[in-house]
Amino acid sequence: MKTLITGGTVVNSTGTVAADVLIDGETIAAVLSPGSSLLGFDVAANVDTLIDATGRYVIPGGIDAHTHMEMPFGGTFASDTFETGTRAAAWGGTTSIVDFVVQYAGENVIDQFNLWHTKAAGNCAIDYGFHQILSDVQDSSLTAMDELLAEGVSSFKLFMAYKGVFLSDDGQITKAMQKAASNGSMIMMHAENGSIIDLLVQQAIAAGNTSPYYHGLTRPWQAEEEATHRAIMMANLTGAPLYVVHVSAKQAVEQIAAARDQGQNVFGETCPQYLYLSLEEQLGAPGFEGAKWVCSTPLRSRAEGHQHHMWQSLRTNDIQMVSTDHCPFCMKGQKDMGIGDFSKIPNGIGSVEHRMDLLFQGVVDRQITLERWVELTSTTPARMFGMYGRKGVIQPGADADVVIYDPKGHTSIGVGRTHHMNMDYSAWEGFEIDGHVDTVLSRGKVIVDGNQYVGTKGDGRYFKRGLSQYLI
Ligand code: URP
Ligand code: ZN
Ligand code: ZN
Ligand code: ZN
């Protein structure tokens with residue numbers, strides 16, 4: 001089965017070139033200067049599918065390295081299953097996800113890993129890998145870190161918040177980091193000071209400040225900066241590579257930037273919500289509306305300039321990549337558990353479908369270059385998490401995960417229009433994007449064609465990841 005994509009502009013993180021892309025089976029066979037594929041080559045006889053990409057960008061499929069499909073959290077489950085969530089991802093030009101296996105205290109890490117395989121197998125529209133959450137750093141968890149590495153899990157998330165649920169203390173974190181330093185894996189950190197947050201939440205509720213807005217006020221930037229600094233120091237001590245997830249505060253970015261300037265293997269991820277949305281406009285919406293945007297770390301104050309600074313950090317590479325932290329909950333029956341007490345609102349926002357579009361709007365708005373768009377959403381995620389070469393690049397030998405993106409197209413985001421996530425609202429309602437995902441190929445097979453999903457449930461395969469290819 002051969003496919004030829006002609007007339008498009010191939011965009012890699014390293015540059016942009018007019019080229020045709022020949023796909024043979026599941027992989028890219030050649031990237032050819034325009035028209036040369038037709039010289040002495042009988043297209044009709046040799047190619048099964050011809051795709052005209054004239055006027056459009058041909059980019060490596062998006063990689064969303066932070067998702068929580070059907071995650072058990074806050075007394076309920078994230079509302080997208082692997083089936084609905086990966087299909088929505090495909091609609092939005094994302095062809096791989098890395099999802100988090102959850103271990104709660106007392107649970108066996110390997111059992112949980114096997115359980116996540118059961119949830120995902122046979123259900124995914126696109127390829128997927130796993131990170132492992134560790135809530136209980138005991139001897140068996142440390143042994144499991146070696147076993148999981150052999151299974152393609154090369155990154156482990158720890159939490160400095162959510163006492164009694166996910167939180168590890170500094171001794172446990174240091175222990176896990178020592179293991180990561182010795183086996184080469186990556187420590188991912190939810191960096192917020194849980195003790196400060198728990199106190200402020202208690203005080204807010206006691207004072208009758210129960211609306212979603214207080215979710216933001218009780219998780220101040222100081223709690224994020226402090227934890228980020230502490231995590232960096234523990235990583236410095238142990239030599240473990242550190243990847244700080246869902247960074248929202250500009251002060252946390254500064255901590256990461258300072259460590260990177262010293263040559264430490266410290267990386268930062270932000271999410272579209274921290275680039276576009278704010279404490280004032282979204283969390284502060286009237287009544288209970290703000291619950292739609294309750295996530296942690298929280299949306300930050302626009303008056304304090306966090307969003308502006310975050311775009312800047314994407315240009316300077318103080319922040320290296322953008323994932324969604326896709327963790328959707330419906331308003332009805334899930335978010336509404338927190339009416340009268342914001343601390344009971346399940347934490348999370350659903351965005352897996354919109355990341356490529358939202359970041360492309362950053363290109364249109366001249367916040368980032370076209371190549372940086374690809375780097376932030378595909379190439380760096382692939383390198384950071386040991387998938388590069390097969391993923392994250394349009395080059396011979398790579399998996400043919402390809403998106404044809406129309407810069408003259410348009411996407412109106414909202415429930416019932418472009419929305420395929422299993423949610424009863426959109427955190428991005430009313431966003432207008434000056435671009436459009438036209439065609440999506442997953443390992444050589446067209447899965448989105450114009451405005452039609454033509455993929456097959458279960459075609460997505462588990463990706464056994466290697467060690468990070470981003471370390472110095
Ligand atoms: O609010 C969030 N971020 N929910 C998902 C869990 C996490 O901490 O990443
Ligand atoms: Zn987190
Ligand atoms: Zn998350
Ligand atoms: Zn279009």
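This is a predicted model: local features need pLDDT of at least 70, side-chain atom pairs count only at pLDDT 80 or more; totals for chains, interfaces and linings use all residues.

Q: How many bridges join S7 to S18, and do the strands run parallel or antiparallel?
A: Once you have one bridge, look along both strands for others. Here S7 (residues 57-60) and S18 (residues 402-406) are joined by 4 bridges, and the two strands run antiparallel.

Q: Where do these strands sit in the sheet, and what is its order?
A: To read a sheet, go from strand to strand across it. This one is an open sheet of 7 strands with mixed pairing, in the order S3-S2-S7-S18-S21-S22-S23. S3 (15-18) and S23 (452-453) are the edge strands; each has a single partner strand, so one side of each lacks a neighbour in the sheet.

Q: How is the chain divided into domains?
A: A domain may be made of separate stretches of chain. Domain 1 covers 2-59 + 393-453, while domain 2 covers 62-384. Their C-alpha centres lie 28 Å apart.

Q: How many residues of each domain are in contact with the other?
A: Count them on each side: 31 residues of domain 1 are in contact with 40 residues of domain 2. On the domain 1 side, S2 (9-12), S3, S18, S21 (436-442) and S22 (445-449) supply at least two residues each. S21 gives the most, with 3 residues.

Q: What classes of residue make up that side of domain 1?
A: The side of domain 1 that touches domain 2 has 17 nonpolar, 11 polar and 3 charged residues.

Definitions and conventions. Residues are numbered from 1 along each chain as its sequence is written. Chains are lettered from A and ligands numbered from 1 in the order in which they are written. Two strands pair if DSSP finds at least two bridges between them. Domain bounds come from an automatic or database domain assignment. Two residues are in contact if their C-beta atoms, placed from the backbone, lie within 7 Å. Ala, Val, Leu, Ile, Met, Phe, Trp, Tyr, Cys and Pro count as nonpolar, Asp, Glu, Lys and Arg as charged, and the others, Gly among them, as polar.
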